[in-house]
Amino acid sequence: MSNQRKLQTEIDRVIKKVDEGVELFDDIYEKVYSADTQNQKEKYETELKKEIKKLQRLRDQIKSWISGSEVKDKVQLLEYRRLIETKMEAFKVVEKETKTKTFSKEGLARQEKLDPEEQKKADTVNWIGEVIEQINNKIDETDLEIETLSAGKGKKTNKNQIEECNEHLASHKFHVNKLEGIARLVRNDRISAELVDQVKEDLEYYVESHGEDEFMMAYDEEGFYEELGLDDLDVVNVDRVTQASVSSKKKDDDASSATSGSKKEKRSSKSSTASSMIPLTIGRAKAKKGSIPSNEATPTKIGRANSTASSSSGPAPIAPAPTPKAPAAPAGGGASMAAVLKRESEERQKAALQAQQQEQARQAELLRQQQLKQQQEAQRLQQQQEVLRQQQQQAAQAEALKRQQAQQLLEQQRQQQAVQQDAAAKQKLLQQQATRQQAQAQQQNVLNVGLSGLSLGNAVGSNAPTAISAGPSQLAGGKDATERYLSALNDSFMQIPTGADNERQKSYTPRNPYPCPSCYPSVPSPIFDNPAVFEKLGTDALFFIFYYAQGTHQQYLAAKELKKQSWRYHKKYMTWFQRHEEPTVTTDEYEQGTYIYFDYETGWGQRIKQDFRFEYSFLEDSLSV
């Protein structure tokens with residue numbers, strides 16, 4: 001089962017390829033016949049050959065399946081095989097036309113064949129021939145049916161059917177004679193092909209529906225070719241050669257009733273009076289009226305028709321019709337028909353040769369104009385390409401200049417920011433130094449005040465010797481006061497204020513406030529100020545803190561930790577880089593090699609950059625690890 005399914009899948013795949021190949025073949029086939037020049041036609045013929053080769057390979061595969069026993073239903077395969085063979089026949093025609101030289105006999109004949117008027121005339125004549133062939137087949141079938149009905153005793157029992165078949169046979173022969181004459185008229189340009197198109201539908205309906213009751217009720221044999229105007233043409237009237245069948249019907253109808261006899265008389269009179277205009281001298285010039293006797297004016301074909309008619313139903317009278325004058329009749333006497341025909345054929349050949357020469361000259365002029373037009377088109381296209389290339393170069397130069405100006409402006413902004421940052425750092429350092437100096441001055445003032453108090457106490461003691469000597473109790477009290485004073489002074493030195501006591505107390509203010517539940521932490525944990533915590537964080541966390549905590553102590557700690565992990569910051573691209581391998585080129589100004597960089601703008605991930613040139617001037621090295 002699996003093998004069968006696999007085989008069916010393979011068949012479907014080949015059929016799909018055949019459909020695609022046939023569609024492509026048809027497209028190229030149309031291009032071959034719509035090509036303007038011979039070179040284009042040969043190019044399309046080459047492409048058509050490639051496609052037909054592919055279809056032939058598919059046909060070989062289909063033939064192998066048809067000849068094998070694996071496939072049960074081979075109808076579809078046979079259809080596709082016939083389809084490919086049809087395309088092969090079409091390609092043979094194209095190949096033959098392509099290989100035919102333009103001015104060879106076949107090429108010139110093909111050009112004449114491709115003339116629109118001649119092609120239309122040839123198509124009409126071919127169609128008439130096909131209709132005649134179909135009617136002849138009906139005549140054969142009717143003859144066979146009559147023989148079958150007349151066998152044995154059937155001639156009497158099937159009398160009515162035989163009569164009906166004879167009527168059909170007479171009608172068929174009538175149309176065959178008419179169509180043969182019309183074909184000759186069309187060949188000799190006595191009737192236009194467009195005029196014959198008016199009776200095409202009626203004739204096709206006659207071939208398809210003759211014998212049906214509905215058609216036979218509305219059938220009118222005499223008015224069938226009225227639209228062609230055969231009666232107005234200058235041709236010879238020849239009676240239809242159906243007299244034999246009419247005479248045979250009369251012999252068979254002797255014993256019939258009066259009613260049937262009257263019907264047959266009407267039919268026979270109708271068939272005897274019906275005559276067809278069969279042009280026996282269509283397109284052939286005749287001598288002047290009266291120059292040729294009436295018994296010699298009828299060509300050989302009239303004699304043959306008369307002999308046939310006489311053998312079947314006796315001699316039939318022939319009414320000579322007036323003949324047109326020859327276009328180039330001799331001035332004196334009667335000229336022979338052969339000389340007239342020869343002269344007409346020579347004139348037609350000369351006219352055809354002149355028309356052919358004119359057509360060749362016209363084609364050469366068209367070819368020259370096409371070549372000139374192609375050259376002009378190529379020059380115009382080349383000029384357009386040159387203008388477009390100049391515009392592209394100007395646009396590229398303008399873009400490069402704009403990019404360079406933008407880079408210079410960005411570099412100036414960065415330099416200004418760096419200068420401002422340096423000035424702010426210097427100002428902050430000066431403020432800290434001033435604060436420190438102020439604190440030291442305050443401490444010195446306090447120390448000076450304490451020392452002055454101490455010296456003052458000593459001076460008081462030296463100036464009162466009499467009081468000390470006056471009594472030991474007073475001396476002991478002064479000593480205790482000095483110790484208390486010194487103790488208080490020591491305590492004040494222990495609690496001396498620092499520079500931080502002068503700063504305002506800082507409180508945390510979120511940069512992007514958002515209403516959150518009150519249970520969430522509202523102040524950052526002080527643990528994030530500890531550098532040991534950043535040693536435990538991953539690379540993505542460090543990059544997130546660096547890029548989303550700008551201007552904070554945490555950003556500083558994250559950058560410091562990244563530098564410990566061999567990451568280097570590029571000031572121009574504001575991106576962290578790390579060596580993926582040892583640099584291939586190393587100089588005093590730059591190094592070049594493969595680097596890993598962190599893409600924080602588009603993908604938020606690590607990328608590899610090959611052959612990257614890292615200039616040391618853009619390396620941030622002010623941060624110490």
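**Close-up views of a predicted model**

**View 1. Glu386 is partly exposed, its relative accessibility being 34%.** The model shown is predicted. Glu386 forms a salt bridge with Arg389, with an N to O distance of 2.3 Å between the side chains. Both residues belong to helix 14 (residues 337–462), where a spacing of three residues places them about one turn of the helix apart. Arg389 is likewise partly exposed, at 37%.

**View 2. A salt bridge joins Glu10 and Arg13 within helix 1.** The N to O distance is 2.2 Å. Because the two residues are three positions apart in helix 1 (residues 2–34), about one helical turn separates them. Arg13 has a relative accessibility of 37% and is partly exposed; Glu10, at 30%, is also partly exposed.

**View 3. Lys564 and Glu535 are paired in a salt bridge of 3.6 Å, N to O.**

**View 4. The largest nonpolar core contains 31 residues.** Those with the most contacts inside the core are Ile128, Ile135, Leu179, Ile182, Val196 and Tyr225. Helix 5 (116–150), helix 7 (159–187) and helix 9 each give two or more residues to this core, and helix 7 supplies the largest share, ten residues.

**View 5. Glu201, Asp202, Glu204, Glu208, Asp220, Glu226, Glu227 and Asp231 form a negative surface patch.** Glu201 is located in helix 9 (residues 200–209) and is exposed, with a relative accessibility of 64%.

Methods:
Residues are numbered from 1 along each chain as its sequence is written. This is a predicted model: local features need pLDDT of at least 70, side-chain atom pairs count only at pLDDT 80 or more; totals for chains, interfaces and linings use all residues. Side-chain values use heavy atoms; hydrogens and water are left out. Patches are made of residues with over 30% relative accessible area and no salt bridge: like charges are joined within 9 Å, nonpolar side chains (Val, Leu, Ile, Met, Phe, Trp, Tyr) within 5 Å. Accessible areas come from the Shrake-Rupley method with a 1.4 Å probe; for residues, only the protein chains shown count as cover. A salt bridge is a side-chain nitrogen of Lys or Arg within 4 Å of a carboxyl oxygen of Asp or Glu. Lys and Arg count as positive and Asp and Glu as negative; His and the chain ends are not counted. The place of a charge is taken as NZ of Lys, CZ of Arg, CG of Asp or CD of Glu. Helices (H or I, at least four residues) and strands (E, at least two) are DSSP runs, numbered from the N terminus. Buried means under 20% relative accessible area, exposed over 50%, partly exposed in between (1.4 Å probe, protein chains only). A nonpolar core is a set of buried Ala, Val, Leu, Ile, Met, Phe, Trp, Tyr and Cys residues joined through side-chain atoms within 4.5 Å.
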